[in-house]
Amino acid sequence: MVQKNETLIGENQARVTVDFTDVIGTINRNIYGHFAEHLGGCIYGGIWVEEDSQLPKVRGMRKDVLKLVRDLRPPVIRWPGGCFSEYYHWEDGIGPKEKRPWRFDWKWKKPEPNIVGTHEFMDFCQQVGAEPVVAVNVRTGTPEEAAAWVEYCNGSNSTRQGKRRAENGHSEPFGVKIWDIGNEAWDLGSEYSARRFVEYARAMRAVDSSIKLVAVGSSHYDDEWNRTMLEIAGEHLDYIAPHHYDGWKVRTLEEGEQHYYANLASARRIADTLQRYVNLLDELLPHRSEVGISMDEWGVWIESRQGLQHNYDLSDGLVSACVFNAMHRLCRRVTMANWAQLVNCLGMIQTDATRACVTPVYLVFKLYSNLCGQRLVRSSVECGYYTLPQELEREVKRIPYIDISATSSEDGRRGVLVIVNQHVSSPISVQLDLKGLGIIQRVDLHYLNGPEPFSKNTLDEPEAVTISQQTLSEAPRRYDFPPHSVNVLVLHVG
Ligand code: AHR
């Protein structure tokens, strides 16, 4: 997408041009992925509940949460951490539950009952239709331990570990294709970590040569870490994984609109991180175009209260939409991503003992994962922008009011245009120049919005921010998109 500021365009006007015949990339659905860690009410309480809980459940999993996750059409879910995985020994979490040991989780300083282990997580993935991504322990584990886990998950019943899996109730291999080697091991040093990656990769592939392996990337962008990892381990890895948390803490319009735009700037910084990874892969691994970027932890993180509880507001939803638009543009290399996290702990779903509600980030995931096409088509936008006051800049000076993505379905029968209006208070009248779709039969407009830029849903008031829908009989030439909204136009071709 070309995004330029056109002086002829007024602040409340924009022009969007899309050519649906010009396919410029393929989007991998794994970018709409998730992350569930044994931390802060995500696993225990959020997805699984006590045996004696009266909540409707399926094999210990809350039915309300299962439905909400299923509705996201989650392509992949990463587990068991995060930092938790750096102290996790998978054999503690298999076999009869009453025999599993309690352990102390040295990272998060809490007891781990090991009630949820490999079988339970695979069951969860199956229930919600997602592919598991498993992170092995590099910090306090060994290549042998990781290889044994691969055999436990993927080996036939005739292998030592596959036989144990069958004895524990699952005769069929789980078939885990994607494995993370380590997590945020930055303090161990880039060279040590890259060499350790190669050792792990050799051991794990000796058991199953078909697996895909994810290497630790930097937080935001660190050239030294990433270069060293790619120079030493570049021929052995399938993905490199940046982590990027962002966000702006002040959530008020009392002093003016600047804090709202400062939060929206997070999306630009995350997009810049991804762009720099793309550039580095192209420079160092031009012969391995299949190597992808898996941003396996991303999101908004602005406070660390107990359990990392953070209830996202509408502005965070807009951030996630604009990051998806950037991932679409960078789809040649950005092929997987996992929002951190799924439930409660930095969770896009919030629960208490009996209720569950969804955040604007959840609603954005629902829109993109269910509606966007897999073919990226050429588009451009001309619009006005907001200039951040210098003291709030943090690498980003301007926020364009309109941010877009244009895609089409693989069969070409649906064009999908996402228009994010980031303006704090004004609708923007967008001229839509759409070509190349043939005769449009119907347009479904799905739009996410709430009364205020910082509106949020709570367990007591779960529907302040919602998705609404309306059907238009033809594609509009011009449309007024409301302030702080995410709008998805699905154009059905006859
Ligand atoms: O998502 C919470 C934590 O953030 C993860 O455990 C860790 O990898 C990151 O620092």
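**Contacts, aromatic pairs and domain interface**

Reader: Which residues does Thr335 touch, leaving out those up to four places away in sequence?

Author: In this predicted model, Thr335 has its place in strand β14. Its relative accessibility is 15%, and the limit for a buried residue is under 20%, so Thr335 counts as buried. Beyond four places in sequence, the residues that Thr335 touches are Asn28, Asn30, Ile31, Tyr239, Gly292 and Ile293.

Reader: Is Thr351 buried or exposed, and what is its relative accessible area?

Author: Thr351 is found in strand β15, residues 349–351. Not counting residues up to four places away in sequence, Thr351 touches Gly45, Gly46, Arg62, Val65, Val343, Asn344, Ala356 and Leu459. Since buried means under 20%, Thr351 is therefore classed as buried, with a relative accessible area of 12%.

Reader: How many aromatic pairs does the rule count, and how are the planes of Trp90 and Tyr152 arranged?

Author: The count comes to 26 aromatic pairs. For Trp90 and Tyr152, the ring centres are 5.1 Å apart and the planes make an angle of 50°. Planes under 30 degrees apart would be stacked and those over 60 edge-to-face, so this pair falls into the remaining class, tilted.

Reader: How many residues apart in sequence are the parts that the pair of Trp90 and Tyr152 ties together?

Author: Trp90 lies in the loop between β6 (76–79) and β7 (103–105), whereas Tyr152 belongs to helix α3 (residues 143–154). Trp90 is buried at 2% relative accessibility, and Tyr152 is buried at 0%.

Reader: What is the class of the aromatic pair formed by Tyr312 and Trp339?

Author: The centres of the rings of Tyr312 and Trp339 lie 5.3 Å apart, with 75° between the planes. An angle over 60 degrees sets the class, so the pair of Tyr312 and Trp339 is edge-to-face.

Reader: Where in the secondary structure do Tyr312 and Trp339 lie, and how many residues apart in sequence are the parts they tie together?

Author: Tyr312 is buried with a relative accessible area of 0%, and Trp339 is buried with a relative accessible area of 0%. Tyr312 lies in the loop between β13 (292–300) and α8 (314–329), and Trp339 in strand β14 (residues 334–340), so the separation in sequence is 27 residues.

Reader: Over which ring does the charged end of Arg78 sit, and at what distance from the centre?

Author: The charged end of Lys107 sits over the ring of Trp108, 5.2 Å from its centre. For Arg78, the ring is that of Phe35 and the distance from the centre is 4.6 Å.

Reader: What area is buried between domain 1 and domain 2?

Author: The domain assignment gives domain 1 (2–25 + 376–493) and domain 2 (28–371). Their contact takes 48 residues from domain 1 and 42 residues from domain 2. Carbon and sulfur atoms give 69% of the area buried between domain 1 and domain 2, which is about 3900 Å².

Reader: Which residues of domain 1 lose the most area to domain 2?

Author: The centres of domain 1 and domain 2, taken over C-alpha atoms, are separated by 29 Å. Together, 20% of what the domain 1 side buries comes from the residues that lose the most area to domain 2, namely Arg394, Phe454 and Leu459.

Reader: How many salt bridges does the rule find across the interface of domain 1 and domain 2?

Author: The side chains of Arg355 and Asp460 meet in a salt bridge, with N to O at 2.8 Å. Across the interface of domain 1 and domain 2, the number of salt bridges found is three.

How values were computed: Residues are numbered from 1 along each chain as its sequence is written. This is a predicted model: local features need pLDDT of at least 70, side-chain atom pairs count only at pLDDT 80 or more; totals for chains, interfaces and linings use all residues. Side-chain values use heavy atoms; hydrogens and water are left out. Rings of Phe, Tyr and Trp (its six-membered ring) pair if their centres lie within 6.5 Å; planes under 30 degrees apart count as stacked, over 60 as edge-to-face and the rest as tilted. Helices (H or I, at least four residues) and strands (E, at least two) are DSSP runs, numbered from the N terminus. Buried means under 20% relative accessible area, exposed over 50%, partly exposed in between (1.4 Å probe, protein chains only). A charge sits over a ring if NZ of Lys or CZ of Arg is within 6 Å of the ring centre and within 35 degrees of the ring normal. Domain bounds come from an automatic or database domain assignment. Contact means heavy atoms within 4.5 Å. Buried area is the accessible area (1.4 Å probe) that two parts lose on being put together, summed over both. A salt bridge is a side-chain nitrogen of Lys or Arg within 4 Å of a carboxyl oxygen of Asp or Glu.
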